[in-house]
Amino acid sequence: MKDIRLVIGDKNYSSWSLCPWLLLKMFDIEFEEIQIALYQDNTAEKLGPYSPSLKVPVLLHREITVWDSLAICEYINEELVKGGAWPSNPRRRASARSVSNEIHSEFPALKKHWPMNCKASMKLSLSEQLFNEVARIDAIWNCCRHKFGENGDYLFGRFSIADCLFAPTAVIFNSYQPELSQPAREYLETLLDNPFVQKWMAQGRGEIERLPVSWAHAS
Ligand SMILES: N[C@@H](CCC(=O)N[C@@H](CS)C(=O)NCC(=O)O)C(=O)O
């Protein structure tokens, strides 16, 4: 058994699982992947031994269990990559934490109406709330790229936890194709071109489990 195990859901559907998975991959940390199909009759029974919240993702490191995507990313940052997963500059780090927490805790319409589905490709009309949420994400991406992005193509230049938190948004935007400003579109392309995001999406598209169409908008 490997020292580090990450419990994730379906790659096609589980947006939050992608965040710590991408962080571990980007920092070249070896881990065992334990995948559990979500929303099946036996999902809770299978998650029970691993997940206090009965949700994914969960990180198991020696005797320590960490759940919730952002808490897992913080744990990886502290215990496994010596603080290297946030920007080192305090001002940048404060902004990176702020936008990461914002995408994690806000955007209710996006989370409700545009679930992640790597197989989906469609342009849907946006409610006013959804329009405003997409505009806010566009503004975050613009602002971070403009103010902090000079040393690379990621939100704060070099790759950080903020990019992990926005990776599911990139997959979602790839499916539902909202209008974006040019800088936001360029950042979206950076995330979608990331080889590990590509790998995740390809594996997600290859999965055969299917949720109801009303949930996932696609086959
Ligand atoms: N705040 C949690 C949310 C976790 C979450 O909702 N995970 C979904 C999959 S992406 C899940 O496990 N759903 C199963 C369920 O709700 O029964 C996090 O960031 O990890």
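In this predicted model, the shell around the ligand is made up of 5 nonpolar, 5 polar and 2 charged residues. The residues that surround the ligand are Gly9, Ser14, Ser15, Trp16, Ser17, Leu38, Lys55, Val56, Pro57, Asp68, Ser69 and Leu70. Two elements, helix 1 and helix 3, each give two or more residues to this shell. Helix 1 provides the largest share, with 3 residues.

The domain assignment divides the chain into domain 1, spanning 4-84, and domain 2, spanning 90-202. A distance of 20 Å separates the C-alpha centres of domain 1 and domain 2. Contact between the domains involves 14 residues of domain 1 and 17 residues of domain 2. On the side of domain 1 that touches domain 2, helix 1 (15-26) and helix 3 (69-80) each contribute at least two residues. The largest share again belongs to helix 1, which supplies 8 residues to this side of domain 1. Sorted by class, the side of domain 1 that touches domain 2 holds 9 nonpolar, 3 polar and 2 charged residues.

Helix 4 (residues 90-105) packs with helix 7 (residues 161-176) at an angle of about 25°, and their axes are 9 Å apart. Because of this angle, helix 4 is roughly parallel to helix 7. The crossing of helix 4 and helix 7 is left-handed. From helix 4, Ala96, Val99, Ser100, Ile103 and His104 take part in the contact, where they meet Ile161, Ala162, Leu165, Phe166 and Thr169 of helix 7. The contact of helix 4 with helix 7 comprises 7 nonpolar and 3 polar residues and no charged residues.

Helix 6 (residues 128-148) and helix 8 (residues 182-193) pack at an angle of about 85°, with 8 Å between their axes. Helix 6 and helix 8 are therefore roughly perpendicular to each other. On the helix 6 side, Asp138, Trp141, Asn142, Arg145 and His146 meet Pro183, Ala184 and Tyr187 of helix 8. The classes represented in the contact of helix 6 with helix 8 are 4 nonpolar, 2 polar and 2 charged residues.

Technical notes. Residues are numbered from 1 along each chain as its sequence is written. This is a predicted model: local features need pLDDT of at least 70, side-chain atom pairs count only at pLDDT 80 or more; totals for chains, interfaces and linings use all residues. Domain bounds come from an automatic or database domain assignment. Two residues are in contact if their C-beta atoms, placed from the backbone, lie within 7 Å. Helices (H or I, at least four residues) and strands (E, at least two) are DSSP runs, numbered from the N terminus. Ala, Val, Leu, Ile, Met, Phe, Trp, Tyr, Cys and Pro count as nonpolar, Asp, Glu, Lys and Arg as charged, and the others, Gly among them, as polar. Axes are lines fitted to C-alpha atoms, for helices over the stretch in contact, and angles run from 0 to 180 degrees between N-to-C directions. Angles under 35 degrees count as roughly parallel, over 145 as roughly antiparallel, 65 to 115 as roughly perpendicular and the rest as oblique. A crossing is left-handed if the near helix is turned anticlockwise from the far one by less than a right angle, and right-handed if clockwise. A residue is near a molecule or strand if its C-beta atom, placed from the backbone, lies within 6 Å of it.
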